[in-house]
Amino acid sequence: ATARTRRERTAEQITADDRAHVFHPWAAQDLIAPLAVAGAQGSYFWDHDANRYLDFSSGLVFTNLGYQHPAVVAAVQEQAARLATFAPGFAVEARSQAARLIAERTPGELNRILFTNGGAEAVENAVRLARLHTGRHKVLSAYRSYHGATGTAINLTGDPRRWPSDQGTAGAVRFWAPFPYRSPFHSDSAEQECERALQHLDDTLAFEGPSTIAALILETIPGTAGIMVPPAGYLAGVRELCDRHGIVFILDEVMTGFGRTGAWFAADHFGVVPDLLTFAKGVNSGYVPLGGVAISEEIAATFGRRPYPGGLTYSGHPLACAAAVATIEVMSAQDVVGRARRIGAEVIGPGLRALAERHPSVGEVRGLGAFWAVELVRDRASRDPLVPYNATGTAAAPMARFTSACRERGLWPFVHMNRTHVVPPCTVTEAEVKEGLAVLDEALAVTDAYVV
Ligand code: PLP
């Protein structure tokens, strides 16, 4: 026992405890120096020496409402005072209200919500629902994707982080989704990319045996893999192929859901309705862990008289659901979705395009809403990525130096492989975006130096 309370510990003590006892995800434990965070508000957080950072990463792309939104904090406090916890299997006000508010916003007839604690568990359950519903086993997923770090989710992921843990999961089949800037199909227009990607998928289905395929999972707009907005018509084409073969279409909206792209769900941009939609992160701005699967009436009916053999102790936790209710109510009342759409179209997009004109290391900028990627290259003509595509890409010198240059100037960037993503809270102001873009302008001089 220690005489000091948790709150009284100094930055040095917090760091010492962290270094001695916290095992950090995705990290070589001896090579990291985690910042001791003292507080956060809106689009900013700060350390114990009052160094303030503008958060262009929204944590891990989850603080859609920014930090410490008073309405969400109050909702969690009120729920804690009223009913801090309760088991699944009961009708609890915060849970049923959150489910209704989510179902009212998801596209189509996705009217039943299975709650989880985060995105990976949502993907696990979506796949299980699809397998039980169809009686089939195979699942198709895309290269250049991320679906989470648990068993099935990491094995469906098309990202180098899968490599060390992939045991060759039975039934996981990967295909190429469209990516005009680095076309796997050697296309030279978005229309051609769409057509060839659909033909490739059609061929893959035919040679895998459509009647053995339970589900096809795609991020509506692949996030971690590079914010690759699919060409018009692609997702509708996938929907048609799934319908033709009785394959469950899962859209993973863990990163893109709840306003991030300037729509409630990215699927809304394409007029496509999946059979299952996974969500997490923005559903409650990440204030309390929450994720889930929005389930079509048809798939839900499979489990009308037959139990669904899956669940989690904390499914629909009251604190997490209360945070979701407050988040969705604030987003609706203040048109946060419209704000994200406008800040992307009017400020972030034009600002990044102006940077691309000045900096030879910028190969492409792409995105929408509060969801943008800046792809860095060694050579604009060849599009040779600034760092190689492998499990240590993000740590490679050019990206590490770029990251430091941003942090020294008070900007916390999201960096993955040869890219920096501009994914601030959906509530970010125009002044804040401009402040961050000015830092990027200086930091890109670091990556320009690597251009051949
Ligand atoms: N799916 C997508 C599209 C994601 O971006 C993520 C996380 O970044 C996940 C699933 C996994 O979510 P979680 O980390 O909450 O398990």
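Me: Where is the place of V374?
Reply: V374 sits in strand 12; strands here are DSSP runs of E with at least two residues, helices are H or I runs of at least four, and both are numbered from the N terminus. Bear in mind that this is a predicted model, where local features need pLDDT of at least 70, side-chain atom pairs count only at pLDDT 80 or more, and totals for chains, interfaces and linings use all residues. Residues are numbered from 1 along each chain as its sequence is written.

Me: Why does V374 count as buried?
Reply: The label needs 20 or more other C-beta atoms within 10 Å of the residue's own, while 12 or fewer means exposed and anything in between is partly exposed, with C-beta atoms placed from the backbone. V374 has 26 C-beta neighbours inside 10 Å, so it counts as buried.

Me: Which residues does V374 touch, not counting those up to four places away in sequence?
Reply: L352, V362, V365, R419, T420 and V422. Contact means that the C-beta atoms, placed from the backbone, lie within 7 Å.

Me: How is the chain divided into domains?
Reply: Domain 1 covers 6–68 + 335–448 and domain 2 covers 70–333, with bounds from an automatic or database domain assignment. Their centres, over C-alpha atoms, are 25 Å apart.

How values were computed:
Contact = placed C-beta atoms within 7 Å.
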